[in-house]
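Please look over the sequence and the model below.

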Amino acid sequence: MKTLEIETSQIDMRDEVVSSLLKWYQENARTLPWRDSPSPYRVWISEIMLQQTTVATVIPYFSRWMIDFPDIKSVAEASLDEILKQWQGLGYYRRAQNIHKAANIMVEYFDGEVPEDKETLKTLPGFGPYTTAAVLSIAFGQREAIVDTNVRRFIMRLLGREGIADSKQDKWIREYLEFLMPYKEMRSFNQSLMEIGALICPSKTPKCLICPVQKNCKAFHLGLQDVIPITKKKKLEKIDAGLAVIHDKKKFYIQKRPAKGLWANMWEFPGGKREERETLEETVRREIKEEVGIELSHVVFFSKIRHFYTHFDVSLHVFICETNDFIEESEVAAWVSLEEMKKYPMPSANGKILDQLREHFV
DNA sequence: AATCCGGGGAG
DNA sequence: CTCCCAGGATT
């Protein structure tokens, strides 16, 4: 795994990012039940409930829980059946059992309070790296880095780090957060990271245009916000491809594939697979130069199309392009209208593009 | 390092 | 339908 290198420019932007996040959070934080009087107990329960569970799902469970179990002592005194009944429908029921165990430990050894010491806290059932740091920072204001799925994705995009968003990334992310974190307002700062991940920088369709740290976001500047991070779950290999719809007024350039191999003798728009550290526009310009031998004068993003094959999950990033160079027609190269294109056999992913082009070029 | 553990909601 | 979500424990 790549190691983190703090560049000088990042030191300059640190204070700017931190203050932007805090200001944005102050103005945009959702009012959530656990943010009212955030006692260590309430923060703890909310963090456990929110593991792999959406905010909307948790809200009614949290409210009910706090009515029936207003403090740690009441949790410890309840039976496991009562605890599990409260948890019914939330899933991951080991979480409820861990709360029950931890509450009993807190009552027996810590005067019925949530321990404020990191080394102690992380030994309790259900307190992993994330939850431990979340409780210490949000409930006690300690300077502890939290890395959840929101923070992971947000930081990967902020620094333009490509890769799969899994826990293998956490080492360098924590290292970066150690650098980034302020020494004041840790309660708000850590929550701002998660909040911006949830509201502005979600996995799909990030709202870069209204993002408070847009000017400091490397992914945005490289146009890679839809590429970072790669998701893991699928066994399918994920491929990002840049594809050029080169047109001269209403004629479009397509080319024929070789007689052997994948999609033999089929026609398609030129383009290819994005290489590491390459923006999609760079992919298109490179591929067109390699395949067609010309330079593009205009390259404008048009649409993204996802297509599944047996072993690949391909995201086709389509660019509308123009060129001042001459492209000669041949047996394997043609300039055709959208209507004429119906006669050319094309892979099905290209068919989706045709539908969009027919809408665009009325 | 992989796998298991739930369920609801969005697209 | 698939993907995603304030992860942790176990193997």
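## Surface near DNA strand C

In this predicted model, the surface near DNA strand C is made up of eight nonpolar, ten polar and seven charged residues. There are 25 residues around DNA strand C, and Q52, R94, D148, R153 and T231 come nearest. Of the atoms of DNA strand C that come within 4 Å of the protein, 64% belong to sugar and phosphate.

W34 places a polar side-chain atom 3.2 Å from a base nitrogen of DNA strand C. Y130 uses its backbone: an N or O atom lies 3.2 Å from a phosphate oxygen of DNA strand C. R153 uses its side chain, with a polar atom 2.4 Å from a phosphate oxygen of DNA strand C. Two elements give two or more residues to the surface near DNA strand C: α8 (129-139) and α9 (149-158).

## Surface near DNA strand B

The residues around DNA strand B are Q52, T53, G89, L90, G91, Y92 and Y93. For DNA strand B, sugar and phosphate supply 33% of the atoms that come within 4 Å of the protein. By class, the surface near DNA strand B has three nonpolar residues, four polar and no charged.

Side chains of T53 and Y92 reach bases. A polar side-chain atom of T53 is 3.1 Å from a base nitrogen of DNA strand B. For Y92, a polar side-chain atom is 2.9 Å from a base oxygen of DNA strand B. Y93 meets the phosphate instead: one of its backbone N or O atoms lies 3.2 Å from a phosphate oxygen of DNA strand B.

## Domains

Chain A divides into domain 1 (8-222) and domain 2 (237-360). The contact between them takes four residues from domain 1 and four residues from domain 2. The C-alpha centres of domain 1 and domain 2 are 43 Å apart.

## Nonpolar cores

The largest nonpolar core holds 90 residues. Among its members, W44, W65, I155, L158 and L177 touch the most others. This core lies between domain 1 (8-222) and domain 2 (237-360), because both give residues to it.

A second, separate core has 23 residues, including I239, V245, F269 and V314. Back in the largest core, I155 is one of the residues that touch the most other members. Leaving aside residues up to four places away in sequence, I155 touches W172, I173, Y176 and L177.

## I239 in strand β1

I239 sits in strand β1 (residues 237-248). Its relative accessibility is 13%, so I239 counts as buried, the cut-off being under 20%. I239 and E275 are 36 residues apart in sequence. In space, their C-alpha atoms are 9.6 Å apart.

## S303 in strand β5

S303 belongs to strand β5 (residues 298-308). S303 is buried because its relative accessible area is 10%, and buried means under 20%.

What does the side chain of S303 make a polar contact with? The partner is the side chain of Q356, at 2.5 Å.

How values were computed: Residues are numbered from 1 along each chain as its sequence is written. Chains are lettered from A and ligands numbered from 1 in the order in which they are written. This is a predicted model: local features need pLDDT of at least 70, side-chain atom pairs count only at pLDDT 80 or more; totals for chains, interfaces and linings use all residues. Side-chain values use heavy atoms; hydrogens and water are left out. A nonpolar core is a set of buried Ala, Val, Leu, Ile, Met, Phe, Trp, Tyr and Cys residues joined through side-chain atoms within 4.5 Å. Buried means under 20% relative accessible area, exposed over 50%, partly exposed in between (1.4 Å probe, protein chains only). Domain bounds come from an automatic or database domain assignment. Contact means heavy atoms within 4.5 Å. A residue is near a molecule or strand if one of its heavy atoms lies within 4 Å of it. A polar contact is a pair of N or O atoms within 3.5 Å; within protein, one must be able to donate a hydrogen and the other to accept it, and residues adjacent in sequence count only if both atoms are side-chain atoms. Ala, Val, Leu, Ile, Met, Phe, Trp, Tyr, Cys and Pro count as nonpolar, Asp, Glu, Lys and Arg as charged, and the others, Gly among them, as polar. Helices (H or I, at least four residues) and strands (E, at least two) are DSSP runs, numbered from the N terminus.
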